[in-house]
Amino acid sequence: MKNLINIGLVLLCVSATAQTQLPIPDTLAGPNYTLNMHKDSVQFFAGNISHTYAFNQYKYLGPTLIFSKGANANITVNNQIGDTTTVHWHGIHLPAKWDGGPHTPIMPSASWNPTFTVMDNAATYWYHPHLHMKTAEQAIKGAAGLIIVRDPIEAALTLPRKYGIDDFPLVIQCQQYDSSNQAMPLGMQDSTILVNGARANYGYTVYANCPAQIVRMRILNASGERSFNFGFTANKQFKIIASDGGLLNAPVSTTRLRLAPGERSEILLDLNGMNGQTIYLMSYASELPMGIQGGPTMPMPSGPPMDSPLNGVDFNIMQINVVPQTASPVTTIPSTLTNNTPYPIGSANITRTIRFTADSMMVMDGPFYFNDSTFNMMRIDYEIPINNVEIWKLVNETMVAHPFHIHDVQFYLFDRNGSIPPPEEQGRKDVVLVPQGDSVMFITKFEDFADTIVPFMYHCHILMHEDDGMMGQFIVKSNLTSVNELNLNNASINVYPNPAHDKLNVFINSEGNYEPFDLLVFDALGKIVHKENLIQSNSQINTSGWSKGIYFIEVSQNNKSIHSKLIVE
Ligand code: C2O
Ligand code: CU
Ligand code: CU
């Protein structure tokens, strides 16, 4: 219905296109962040307003959180939407109880206060709700925002990082609205493109003024189902510099970038000498194969469930007006970026195979399953020993492509259908698109955060598939002999691993006890080797310079203390 109306609009509006300058969400710097998630509305279309969810001063989407590797993040989420929700920090490595999955709901009018140390590499991440069976509804109503992590390796490179000036955040969504202009969580006829929440097609154009120098774009595909095949007019070349969870080893020159829902990428566009010119960011969807949502519509006897005038055609997403250079412009692109070191394949001690399945081969709109079983909040699918290095093999036995996402870790893809994946997929990732009939393998390591109660999730990032049960969960188990669990004033303090090698993690499960703890580590002679005031849930001590032997840990609070032995080897 909406498609027909939109097509009508295009015909009427050929000469009167509404131009909107790319909205740039404000940034929030740490260590304290407050996110007020509230109900709002936007006049996306003539007639009825669209009901939305948003954070802070926005009517749709939310601010960009700036995290610094090694710094604390102390976040307060206030739930003002009048419904239960959760907020998940997609791609961020943090304790399960702060991950914001379906097991940690925030009740209406309640607040939630995750506190953690940022351990991730510089890249572009995001946040969105994750309540079971309501993720699609809440996310497509607008409850999402970006996270930019900064770190010293990225900071040392000559890269554009003037936010909104030569470094552009781009949250790109394609959605379906019903005849009363409300976002449809299960909409598979998505045709309304939004760029940072601004309408970008069918009579609307979003433009960005980009200086005639090297410009960076941080692109998130926040759509419910559609994959984009990004490129620029005239097949202009660009360089991919980062994948989901970090910089690539070196920039990758290309003319196309395929991003599935949940995936992020950072690219550099060379606009030197182009002042005054106009180009477009496009999706070359005609080049996507049938079966990837966004590619040509698959004909079905019963009528295609996934149909949209955008399927299988090339379309504009954003106009780029090249404007004069800024002061001290970045005009060259570094030839190398970082040094990712994937875990050696031989270091994995298990391969888990996850088949994507459906009730029959003909199913195109779900439900879809992992290994033939639907999600169950009460079932832990895998118990993973902490520090395990694992290979996960994903085999898509269905008719459509699925973007697989895993929490807690970044992984390294090393195999796509028996071949080495393209260089832009060899960096750190947390989402991988697995087209129909394909199989991929990645290797990852489950480090730092064990929790026997709160699981981490893995799921399809097509939000309707996820809500419909294409999800599973794992807990990371601390090997009990390797964890010291100290109980003091109703809090449990886990110190692991023991024996420690190069690092020691301290994780406090405070259960309402938010006062600081004092942590002391003594060597066998009673000399203090480490002293710390623990005010957050997790902390990591570098033990690589400590001599091998026996140490003693003391944790104290309010004149009470508790001791335990630690071995460093
Ligand atoms: Cu972006 Cu489990 O999600
Ligand atoms: Cu996630
Ligand atoms: Cu799926």
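Biologist: Hi! Which residues coordinate the copper ion (ligand 2)?
Modeller: His-88 and His-405 do, each through NE2, at 1.9 Å. Donors here are N, O and S atoms within 2.8 Å of the metal (3.2 Å for Na, K and Ca), and water is not among the atoms, so sites may look incomplete. This is a predicted model: local features need pLDDT of at least 70, side-chain atom pairs count only at pLDDT 80 or more, and totals for chains, interfaces and linings use all residues. Side-chain values use heavy atoms, leaving out hydrogens and water, residues are numbered from 1 along each chain as its sequence is written, and chains are lettered from A and ligands numbered from 1 in the order written.

Biologist: Where do His-88 and His-405 lie?
Modeller: His-88 is in strand β7 (residues 88–90) and His-405 in strand β28 (residues 402–406), so the pair ties together parts 317 residues apart in sequence. Strands (E, at least two residues) and helices (H or I, at least four) are DSSP runs, numbered from the N terminus.

Biologist: Are they buried or exposed?
Modeller: Both His-88 and His-405 are buried. Buried means under 20% relative accessible area, exposed over 50%, and partly exposed in between (1.4 Å probe, protein chains only).

Biologist: Switching topic, how many disulfides are there?
Modeller: Zero in the whole structure, where a disulfide is a pair of cysteine sulfur atoms within 2.5 Å.

Biologist: And what does Phe-552 touch?
Modeller: Its contacts (heavy atoms within 4.5 Å), not counting residues up to four places away in sequence, include Leu-520, Phe-522 and Lys-565. Phe-552 sits in strand β40 (residues 549–557), and counts as partly exposed at 35% relative accessibility.
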